[in-house]
Amino acid sequence: QRLIVEAHDENILKIAPPILSRVYNQLGNGLVMLSNAEKLNDFPVPYPIAQIITFMLGLHWLLTTLVISTACKNGFLAA
């Protein structure tokens with residue numbers, strides 16, 4: 001952000017003020033998202049919950065395949 005301000009002051013970047021404010025807004029949003037991602041990394045998911053999620057994803061994959069294959073009349077459309 002400081003580099004953008006310095007480049008704007010030295011007329012290296014010639015950007016309209018509304019666009020420049022949007023750039024600052026997006027940089028701020030990116031920092032907030034980075035902070036949220038670091039929070040997720042700090043608190044790991046407990047092992048039993050991770051196992052349940054893995055099992056449920058596998059079950060969903062299997063059931064979706066079976067339901068779609070029975071719902072479609074043409075095997076090519078089911079793929």
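Buried means under 20% relative accessible area, exposed means over 50%, and partly exposed lies in between (1.4 Å probe, protein chains only). I wrote that down before opening anything else.

**Ground rules.** I am looking at a predicted model, where local features need pLDDT of at least 70 and side-chain atom pairs count only at pLDDT 80 or more, while totals for chains, interfaces and linings use all residues. I count residues from 1 along each chain as its sequence is written, and side-chain values use heavy atoms, with hydrogens and water left out.

**Entry 1: Ala71.** I looked up Ala71 and found it in helix H3; helices here are DSSP runs (H or I, at least four residues), numbered from the N terminus. Ala71 has 58% relative accessibility, so it counts as exposed.

**Entry 2: Leu20.** Is Leu20 buried or exposed? Leu20 is buried, because its relative accessibility is 7%. I placed Leu20 in helix H2. From Leu20 to Ile4 I read 16 residues in sequence and 8.9 Å in space, C-alpha to C-alpha.

**Entry 3: H1 and H2.** Two packed helices are described by the angle between their axes and the distance between the axes. For H1 and H2, the axes come within 11 Å and cross at roughly 165°. That makes H1 roughly antiparallel to H2, a label for angles over 145 degrees. The axes are lines fitted to C-alpha atoms over the stretch in contact, and angles run from 0 to 180 degrees between N-to-C directions. I noted the crossing of H1 and H2 as right-handed, that is, the near helix is turned clockwise from the far one by less than a right angle.

**Entry 4: Asn11.** Most residues other than glycine have a negative phi. Asn11 is not a glycine, yet has a positive phi of about 60°. I found Asn11 in the loop between helix H1 (2-9) and helix H2 (17-42). With 52% relative accessibility, Asn11 is exposed.

**Entry 5: a salt bridge.** How many salt bridges does the structure hold? I found 1, using the rule of a side-chain nitrogen of Lys or Arg within 4 Å of a carboxyl oxygen of Asp or Glu. Its partners are the side chains of Arg2 and Glu6, at 3.9 Å, N to O. Both lie in helix H1, 4 residues apart, about one turn of the helix. Arg2 is exposed at 64% relative accessibility, whereas Glu6 is partly exposed at 37%.

**Entry 6: a nonpolar patch.** I listed Ile52, Phe55, Met56, Leu59, Trp61, Leu62, Leu63 and Leu66 as a nonpolar surface patch, with about 850 Å² of accessible area together. Such patches join nonpolar side chains (Val, Leu, Ile, Met, Phe, Trp, Tyr) within 5 Å, from residues with over 30% relative accessible area and no salt bridge. The areas come from the Shrake-Rupley method with a 1.4 Å probe. Leu59 lies in helix H3 (residues 47-71) and is partly exposed, at 33%.

Key. Patch = residues over 30% accessible without salt bridge, like charges linked within 9 Å, V, L, I, M, F, W, Y side chains within 5 Å. Helix = DSSP H or I, 4+ residues; strand = E, 2+ residues; numbered from the N terminus. Parallel < 35°, antiparallel > 145°, perpendicular 65-115°, else oblique.
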